[in-house]
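User: I'd like to go through this one by asking what stands behind each label. Can we take it term by term?

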Number of protein chains: 2
Amino acid sequence: MKPNIKDIARHAGVSPTTVSRVLNNRGYISQKTKDKVHQAMKELNYFPNELARSLFKQRTHLIGLIFPTTANPFYGELIFHIENAFSSKGYKVLLCNSLNRVDKEIDYLDMLQRNQVDGIIVGAHNRHISQYESMYLPAVAIDRNLSNSIPVVSSDNYLGGKVATEHLLKKGCQKIIHINGPHELETPANKRREAYEEVMVKEGRFPITYELRQSLDENYTKTIIDQLFDENPDVDGIFASDDLIAATVLSEAKKRGKDIPTELKIIGYDGTSTVKTCLPELTTIQQPIQAIAQSAVDLLIHQINGEAVDEPLKNIILPIQLSNGFTT
Amino acid sequence: MKPNIKDIARHAGVSPTTVSRVLNNRGYISQKTKDKVHQAMKELNYFPNELARSLFKQRTHLIGLIFPTTANPFYGELIFHIENAFSSKGYKVLLCNSLNRVDKEIDYLDMLQRNQVDGIIVGAHNRHISQYESMYLPAVAIDRNLSNSIPVVSSDNYLGGKVATEHLLKKGCQKIIHINGPHELETPANKRREAYEEVMVKEGRFPITYELRQSLDENYTKTIIDQLFDENPDVDGIFASDDLIAATVLSEAKKRGKDIPTELKIIGYDGTSTVKTCLPELTTIQQPIQAIAQSAVDLLIHQINGEAVDEPLKNIILPIQLSNGFTT
DNA sequence: TTGTAGGCGTTATCAA
DNA sequence: TTGATAACGCCTACAA
């Protein structure tokens, strides 16, 4: 069915070795032979089998990507930049949506190793998974500690939480509430929360954090926000740990007739271009998504090439930026 | 370094064949042997090499996905559902962001065939690419004609455009303008436009379509919309061919102090959950994203299994839905 | 400048 | 119930 190197060789009247040489531009080959071989490859519609190549070379140029879901714009954009960067360096990318489920993450990890990926980038946020420790495989984590030996790339989540909280304070908010994701997951949002709580305490305020657990109910977030407003009629500042939560807060507040930003100020987190397009008015903490992607990719390729990861590279922290909108 | 089947065999005191049998649960093997082998695999931290397996079996269980970019929420969500569906059937997914660039699409197509993918799903929208015609590889296109033999899955774009336009008419709009993406790309938006123009003409109205060309300028869309408002101060209805454009229209209109929906009504297209979260007030035509994904996946697996694609399956059209918001 | 042989890790066939 | 062997498609010594 599919032609192989022997078919090409026969068709071109040379040996398989010669074809291989042409393919890899290795050694000396006469132009005439080259042409013959290329001709044969075209005629037979030949695609070199990367499987066989990789098997021999013990190198696949395949990278595994484990992230919660491309359906979330933050990961969608991050993954886009990651794939892009890898593609330009000759790597291909296997996509895994872990949905923050431990079982899926473990299965994917197993699958990727069976498929001989050269390395993985993990941006999923589960509880600790011990497999990462025994694993011998170049890896980079985004916003999560996987094991002692796996470097972590993140943006400055603590600073982000601090800047967000201070921003609301500066704008005169009296009662600031924080909304965060599931605390049991090892998400970067935990540091944002920590910063919020520390800043609040330092300022003599009482920190209140509403926690969103993982839920299949579409309206769950709305319900909790509703509850928040009922329980805190005097809330005048909300720091949401991501923009989608902030968006929900915004629309629920509007439903209640609250005027933004006079009665209530809202700040989100992430600053994806999708949310910037949909809600340009939202004040948010902008993560350097492309820079995170680029760092992670560079760091992984570095490891794949067998180079040592110096201490400062083991924990890369990229700067965030306050993006001023009209919701604060 | 990495243990192979021989290492396991030696460690367990059996032959490689036996290990393979245990691995694949094939033939008769005594429980004792099974246990020994499993033990050895655990001790040596063994991962069967899928490359070698695939090479022999002539089947990779790898699928290529060519889409414009995961950074767009529509594709992000679509790809999420596709990967999910494949994963549950034992397939893995290679992600390709074509960015609607012909050269990238062709390169990816080549790469995927070298990597022996079992099939591909293409949701990229470029001008005609002849490679698809000569290609022997199971494939499914989403919203695009790739070649005569490649089945197409889409939602009812014509109906969507019709419903959107009629909706604005029903709501009393006098001057309705349509905004569409680059006309030279083979996007499904072309059918939405066609429907808009036909409905308008049928109603004795004059159709006006503003076309957004591909641009690297972040503010390009805004500029065009600005121009639209300047040139048509009396516009009172806008049908945007996707939600992100609609979102931009919405914010530009607000900037100009236009009251939505009294002075201007806006309807978008796609209805991703991301946009629904960010802009719940937006009226839009909702595509059945998960159903599109599922159909495409089923159809591809069908082909991979060597089954014929019956005529009705060659062009699957899924229903859309009007999602009523407050912008109309 | 070109060809031959062996092996990358696995599995199917055949034999024991 | 288990083992030896050839083959999947390619590449790298080594030989010519």
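User: What makes the pair formed by a phosphate oxygen of DNA strand C and a polar backbone atom of A:Ser15 a polar contact?

Analyst: The distance there is 2.8 Å. A polar contact is a pair of N or O atoms within 3.5 Å; within protein, one must be able to donate a hydrogen and the other to accept it, and residues adjacent in sequence count only if both atoms are side-chain atoms. At 2.8 Å the A:Ser15 pair is therefore a polar contact. Bear in mind that this is a predicted model, where local features need pLDDT of at least 70, side-chain atom pairs count only at pLDDT 80 or more, and totals for chains, interfaces and linings use all residues. Residues are numbered from 1 along each chain as written, chains are lettered from A and ligands numbered from 1 in the order written, and side-chain values use heavy atoms, without hydrogens and water.

User: Which part of DNA strand C does the side chain of A:Thr17 reach, and which does B:Tyr46 reach?

Analyst: An N or O atom in the A:Thr17 side chain is 2.7 Å from a base oxygen, while a polar side-chain atom of B:Tyr46 lies 2.4 Å from a phosphate oxygen.

User: How do you know which residues are near DNA strand C?

Analyst: A residue is near if one of its heavy atoms lies within 4 Å of the strand. That gives 25 residues, and the closest include A:Thr17 and B:Arg53.

User: Why are E7 and E12 of chain A called edge strands?

Analyst: Their sheet is open and mixed, with the order E7-E6-E8-E9-E10-E12. E7 (208–211) and E12 (321–323) each have a single partner strand, so one side of each lacks a neighbour in the sheet.

User: What makes E6 and E8 of chain A a pair?

Analyst: Two strands pair if DSSP finds at least two bridges between them. E6 and E8 of chain A run parallel and are joined by four bridges, so they pair.

User: Where do the domains of chain A come from, and how far apart are the centres of domain 2 and domain 3?

Analyst: The bounds come from an automatic or database domain assignment. Taken over C-alpha atoms, the centres of domain 2 and domain 3 of chain A are 29 Å apart. Their contact (heavy atoms within 4.5 Å) takes 16 residues from domain 2 and 14 residues from domain 3.

How values were computed. Helices (H or I, at least four residues) and strands (E, at least two) are DSSP runs, numbered from the N terminus.
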